[in-house]
Amino acid sequence: MSAVVWETNFPGLTLLSRGKVRDLYQIDDDLLLVATDRLSAFDVVLPTPIPDKGRVLTQLSLFWFETLRDIVPNHVLSATEFPAQTRGFGEQLAGRSMLCRKTNPIPIECVVRGYLAGSGWKDYRVTGKVCGIPLPSGLRESERLPAPIFTPSTKASAGHDENISFDETVARIGGEQAEKLRALSLEIYRRAAAYAEPRGILLADTKFEFGLVDNELIWIDEALTPDSSRFWPADDYAAGRPQPSFDKQYVRDYLERIGWNKLPPGPELPSEVVTGTRDKYRQAYLLLTGHELS
Ligand SMILES: Nc1ncnc2c1ncn2[C@@H]1O[C@H](COP(=O)(O)OP(=O)(O)OP(=O)(O)O)[C@@H](O)[C@H]1O
Ligand SMILES: [Mg+2]
């Protein structure tokens with residue numbers, strides 16, 4: 001097992017920010033994105049790291065960026081060779097880092113849902129719609145939607161993201177860009193879901209981010225990971241109830257069970273939840289890529 005990284009420390013590099021999961025550095029005009037082993041649930045970073053998690057997120061993102069590069073260009077410059085300024089930091093970087101093009105992120109989270117779960121299910125039960133999109137009546141929890149839908153949300157710099165309608169998205173970023181994001185997001189989702197299903201994973205929903213650089217639209221951040229998506233085991237799927245999952249749902253279920261109030265600080269995770277979560281992340285990686293995380 002490679003060393004657990006809770007937080008990186010690279011003296012001499014410019015730290016732009018520490019997100020919930022990633023540490024972001026600027027090197028010349030580029031970004032160095034380092035996925036740590038931090039885990040957030042309900043938008044709170046928990047105090048217990050998950051070994052291998054950062055490497056799974058980065059390696060799985062690289063896999064999808066490469067597999068789907070014909071749909072839209074992505075921000076990856078390299079994940080194996082880094083500028084001279086990073087010399088000596090190899091151990092903290094290895095396997096979990098990407099040198100990326102620095103973009104102006106578009107302030108919309110591009111969510112696509114193929115099934116009714118999470119905030120989509122809650123919204124539907126109250127309104128019969130998800131983010132203003134009307135759906136047939138009588139759908140059950142976790143049910144496959146007649147067709148995948150684009151349900152954007154705001155990118156809140158603090159606190160929870162908020163679901164918004166397509167019209168609201170147009171109001172914020174303009175019609176042309178909104179339509180482009182919707183088309184790209186749906187296309188990426190369709191391709192990824194069709195790839196994952198015969199490999200035993202249903203892609204219930206996922207979130208993409210895009211950025212602009214030199215007027216070019218680029219897929220940024222992470223790609224179709226258990227952090228940005230709901231992965232369900234295809235074998236156990238049945239509508240009408242919540243699904244067991246490969247993703248953070250496992251941790252979320254634990255947190256619900258102990259009755260945590262979802263306010264910081266988050267509780268420590270017991271070792272069986274850490275091990276179970278690590279296994280879930282690694283298993284998702286194995287099923288999707290066809291090989292173990294090295
Ligand atoms: N190529 C890129 N150009 C500019 N910003 C990027 C790029 N790729 C990723 N980012 C940004 O880097 C951050 C990644 O860090 P992390 O995933 O830990 O953040 P987060 O806690 O999810 O925060 P946020 O709520 O801002 O997404 C995100 O804010 C994302 O928008
Ligand atoms: Mg993020």
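Colleague: Which residues line the second largest pocket?

Modeller: Leu 62, Phe 65, Glu 66, Arg 69, Pro 73, Asn 74 and Val 76 do. Keep in mind that this is a predicted model, where local features need pLDDT of at least 70, side-chain atom pairs count only at pLDDT 80 or more, and totals for chains, interfaces and linings use all residues. Residues are numbered from 1 along each chain as its sequence is written, and side-chain values use heavy atoms, with hydrogens and water left out.

Colleague: How do I read a pocket, and how much space lies in this one?

Modeller: Rolling a probe the size of a water molecule over the atoms shows where empty space is left. On a 1 Å grid over the protein atoms alone, a pocket is an open set of points with protein on both sides within 12 Å along at least five of seven lines, a 1.4 Å probe is used, and lining residues have an atom within 4 Å of a point. Grid points are joined across faces, edges and corners, and the volume is the space filled by probe spheres set on the points. Here that comes to about 150 Å³.

Colleague: Which helix gives the largest share of the lining?

Modeller: Helices are DSSP runs (H or I, at least four residues), numbered from the N terminus, and strands are runs of E with at least two. Helix α1 (residues 53-67) gives the largest share, 3 residues.

Colleague: What does the largest nonpolar core look like in numbers?

Modeller: A nonpolar core is a set of buried Ala, Val, Leu, Ile, Met, Phe, Trp, Tyr and Cys residues joined through side-chain atoms within 4.5 Å. Buried means under 20% relative accessible area, exposed over 50%, and partly exposed in between (1.4 Å probe, protein chains only). This core has 66 residues, with Trp 64 and Phe 210 among those with the most contacts inside it. Its largest share, 9 residues, comes from helix α5 (residues 175-196).

Colleague: Where does this core lie?

Modeller: Domain bounds come from an automatic or database domain assignment. Domain 1 (14-102) and domain 2 (105-247) both give residues to the core, so it lies between them. Contact means heavy atoms within 4.5 Å, and 22 residues of domain 1 are in contact with 25 residues of domain 2.

Colleague: Is Thr 169 buried or exposed?

Modeller: Thr 169 is buried, with a relative accessible area of 1%. This residue lies in helix α4 (residues 166-173), and its contacts include Ile 108, Pro 152 and Ala 178.

Technical notes: Chains lettered and ligands numbered in written order. Lists of a residue's contacts leave out its neighbours within four places in sequence.
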